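Please open the structure in your viewer and keep the selection tool at hand.

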Amino acid sequence: MANITVAQAIIEALKLQGTRVVFGYPGAAICPVYDCLPASPIHHVLVRQEQNAVHAASGYARISGKAGVVLATSGPGATNLLTGLATAYMDSIPLVAITGQVSRDQIGRDVFQEADITGAAEPFTKYSYLCKQPQQIGRILSEAFYIASSGRPGPVLIDLPVDVQRERIEFSCPDTVCIRGYKPTVMGNALQIKRVAQAFSHSCRPLICIGGGVLSAGAGAETARLAEQCGIPMVCTMMGLSAVPGIHPLYFGMLGAFGSETANFAVQSADLLVIIGARVGDRALATPSILEKRSRVVHIDVDPAEIGKNLGASIPIVGDAKAVVSQLLESTGRVDCAGWVEELSRRRQAPQPPLPPARPGFISPHRLMRRLSERLRADAVVTADVGQNQIWAARGLSLNGGRFLTSGGMGTMGYSLPAAIGAKLASPARQTVVICGDGSLQMQQMELSTLCQEGLDIKLILLDNRSLGMVRELQQTQYDGRLSAVRLQGGPDFLRLAAAYSLPGLRLEREEEMEEALCWLLDEKGPRLLCCAVDPQERSLWPPADGGAGKEG
């Protein structure tokens, strides 16, 4: 044990957790911790707005497999974290956020920059602490990382009064964590595993549905092996994209409102649906009550609250996706469903309607995503924002060893660039590409400064249609074409904006120049911005279909 300040103890505890990078924005109430950072091996990334610190930590966590760490000050610094925390909570991303607070004797007196952040963040965190006892900091930090990373991952908040940070303690961290009442289930119930194996053997049209929980558990390889061993086709939710290679012969695409026709046909026609690590939200299944009457449903999730919430399960299994799928690998064999796989393969291979001809002065985002997919490295990380750009990327890209990161549950605009910064710091050697719209870039453009300060080789593809495209599409299809507050007039000139940050920029307006532009973007080192002119009338899907809602652009 060492006699050190609580602020120093925090740094020591982070080192013991293997933390290499933290993301944050300083202020008076967190200054004792920041005072200790320069002498530590931990790299601090100074974002330009606290919400983006959480998004960056999210990208870091999703690629590194370790909890991301965020630092912020009290009051507005802490409250600016809320949207990021909610985004991470919905998508089950492990984070530890450490916020400064006013001194203990001032709490509850509405002093300068005081906010009840533990109360405000309660709906968006797995757990939160207000640390008033300095000697408890070692235990609290150990528990925070354990809670964030175990069971269903999620964000944990630690609020630290500034006077607590200055106090000296005999620091120690417990070797193990044992929290009464918190015992996440890892292994699936043996009887339920046996029931699933029996259901497989009696099924003619089984289907595996992969959710984001498969990625969180690192169970992509095991899930693909289960499909191969049993001969069962697979589909995925948007959050499950890149869990298995896009070219896998048993993989039939993304389901849902913006999914592929083959994947949605498979879900509607399956007699056994095995859902692994997915919430089964409204974008994935619009009519779950009909589906549960028609199909037998196996739902595997580490969070028991998710099972049966949106879709009734015939066979519920609570457990870690990797552990449960490994159990199924030991219990299942070949399923007699070759005809079912052949039917899906024929549907997938059916000729698709040709894309519309290029419009003068614009490029087709559908073609762009296909060409980009061909040029990406095998292990590329692609971060997509929210809106039409997200749908074009999710449908058009085929990642075969890479990762697709986006905000699924909350649908938070402004996620892509900070998430890419975190992802790149987690794995510097991997090619990292941002796909965003002009609306979403303007919600995060301040992080171009962070990108340049960190000197990160991140490529940005901006789909510029001068509008909030998804909302515009919704207004056109469901509000008789009455457009309201969707035109993004008044600039900026994105190439000049890039130049202000000394970023090379290029505008693409002609499809015949697409290949050359992608070479310019991807083949040279260093951050670059490719601004692609997109017709405001371009639809999310081709052929067009009604859909889309929310604050997206």
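In this tour, a residue is called buried under 20% relative accessible area, exposed over 50%, and partly exposed in between (1.4 Å probe, protein chains only). Helices (H or I, at least four residues) and strands (E, at least two) are DSSP runs, numbered from the N terminus. This is a predicted model, in which local features need pLDDT of at least 70, side-chain atom pairs count only at pLDDT 80 or more, and totals for chains, interfaces and linings use all residues. Residues are numbered from 1 along each chain as its sequence is written, and side-chain values use heavy atoms, without hydrogens and water.

Select residues 388-396, helix H17: 7 of its 9 residues are buried, so the helix is largely enclosed by the rest of the structure. Among the buried ones are Ile-391 and Trp-392.

Next, select strand S15 (residues 381-384). Val-381 and Thr-383 on one side, and Val-382 and Ala-384 on the other, are all buried. Two strands pair if DSSP finds at least two bridges between them. S15 pairs in the parallel sense with S16 (residues 403-405) over 3 bridges, and with S17 (residues 432-437), also in the parallel sense, over 4 bridges. Display Val-381: its bridge partner in S16 is Arg-403, while in S17 Thr-432 stands opposite.

A cis peptide bond, with omega about 5°, joins Gly-491 and Pro-492. Ala-485 lies in the loop between H21 and H22 as well; its phi is positive, near 60°.
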